[in-house]
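Q: I have just opened this entry and would like a guided look at it. Could we go through it together, one topic at a time?

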Amino acid sequence: MLYLIGLGLGDAADITVKGLRAVKSCSRVYLEDYTSVLTGGKEALEQLYGKQLILADRDLVEQGADEILRGADVEDVGFLVVGDPFGATTHSDLVLRAVNAGIPYKVIHNASIMNAVGCCGLQLYNFGETVSLVFWTETWRPESFYDKICKNRNAGLHTLCLLDIKVKEQSVENMMRGKKIYEAPRFMTVAQASDQLIQIIQRRRGEG
């Protein structure tokens with residue numbers, strides 16, 4: 001059985017009872033660690049769960065999924081996701097690979113930013129399309145997220161903005177050279193996100 005287990009949004013203790021039972025039944029447990037992070041990190045999870053965790057970076061999840069699924073037809077394998085397995089980041093590709101391989105799977109849900117945003121006092125039913133604000137580079141400055149925010153606003157809807165994180169990312173130069181050299185982790189701040197939005201507004205105003 002492949003278990004996709006949501007960890008919630010706070011710390012190690014936010015796992016559900018059902019999720020913890022599943023973790024303890026698994027022979028191998030992977031922790032997806034490139035789309036979000038939990039307070040305390042891997043060590044705190046291992047201490048509470050009583051299990052050694054295998055960090056699953058983007059390369060492993062997207063290119064080495066067969067390794068994650070190895071043996072899951074005869075033993076339990078866990079895949080831990082911060083938030084909910086199908087919340088802000090979906091892992092449907094892993095599920096489809098399991099189905100194609102004849103491996104049964106079970107999803108254990110948990111709180112996600114997609115519903116926890118209600119803590120700000122805004123009605124969840126009044127949110128429009130969620131957008132991701134990505135880090136700009138010198139040569140890549142997308143603006144599609146701004147257009148979606150405007151579309152939501154024109155419809156009288158709120159917008160949940162997910163701010164970019166870069167964990168174990170390579171520079172374009174190192175990728176082209178085939179060098180496995182990774183940049184330091186970066187987490188977009190509200191100030192950085194706001195600055196990018198303001199730059200888009202100023203540029204468009206300058207163009208009339």
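Q: Let us begin with Glu129: how accessible is it?
A: Glu129 is partly exposed, with a relative accessible area of 39%. Please keep in mind that this is a predicted model.

Q: Which residue forms a salt bridge with Glu129?
A: That is Lys148, and the closest N and O atoms of the two are 3.3 Å apart. Lys148 belongs to helix 7, residues 144–154, whereas Glu129 sits in the loop between helix 6 and strand 6, so the pair ties together parts that are 19 residues apart in sequence.

Q: And Lys148, how accessible is that one?
A: Lys148 counts as partly exposed because its relative accessibility is 33%.

Q: How many salt bridges are there?
A: The count comes to 11 salt bridges. One of them joins the side chains of Arg204 and Glu143, at 2.9 Å from N to O.

Q: Where do Arg204 and Glu143 sit?
A: They link distant parts of the chain, 61 residues apart: Arg204 is in helix 9 (residues 190–206), and Glu143 is in the loop between strand 6 and helix 7. Arg204 is partly exposed at 28% relative accessible area, while Glu143 counts as buried at 17%.

Q: Which residues are linked with Glu143 in a network of salt bridges?
A: The network consists of Glu143, Asp147, Arg203, Arg204 and Glu207.

Q: What about Arg70, which residue does its side chain meet?
A: The side chain of Arg70 meets that of Glu67 in a salt bridge of 2.8 Å, N to O. Arg70 is partly exposed at 43% relative accessibility, and Glu67 is also partly exposed, at 35%.

Q: What else surrounds Glu32?
A: Glu32 is found in strand 2, residues 28–32. Leaving aside neighbours within four places in sequence, its contacts are Ala56, Val61, Phe79, Leu80, Val81 and His91.

Q: Changing topic, which residues touch the most other members of the largest nonpolar core?
A: They are Leu2, Tyr30, Ile68, Phe79 and Leu94, out of 18 residues in that core. The elements giving two or more residues to this core are strand 1, helix 3, helix 4, strand 4 and helix 5. Apart from it lies another core, of 17 residues, including Leu7, Ile15, Val29 and Leu45.

Q: Which residues does UniProt list for "binding site"?
A: The unreviewed UniProt entry lists Leu9, Asp84, Gly87, Ser112, Ile113 and Leu163 under that heading.

Q: Where are Ile113 and Leu163 placed?
A: Ile113 is in helix 6, residues 113–116, and Leu163 is in strand 7, residues 161–163. Ile113 is partly exposed at 32% relative accessible area, and Leu163 is partly exposed at 30%.

Methods:
Residues are numbered from 1 along each chain as its sequence is written. This is a predicted model: local features need pLDDT of at least 70, side-chain atom pairs count only at pLDDT 80 or more; totals for chains, interfaces and linings use all residues. Side-chain values use heavy atoms; hydrogens and water are left out. A nonpolar core is a set of buried Ala, Val, Leu, Ile, Met, Phe, Trp, Tyr and Cys residues joined through side-chain atoms within 4.5 Å. Buried means under 20% relative accessible area, exposed over 50%, partly exposed in between (1.4 Å probe, protein chains only). Helices (H or I, at least four residues) and strands (E, at least two) are DSSP runs, numbered from the N terminus. UniProt positions are given in the numbering used here, feature names are shortened, and annotations may be inferred rather than shown by experiment. Contact means heavy atoms within 4.5 Å. A salt bridge is a side-chain nitrogen of Lys or Arg within 4 Å of a carboxyl oxygen of Asp or Glu.
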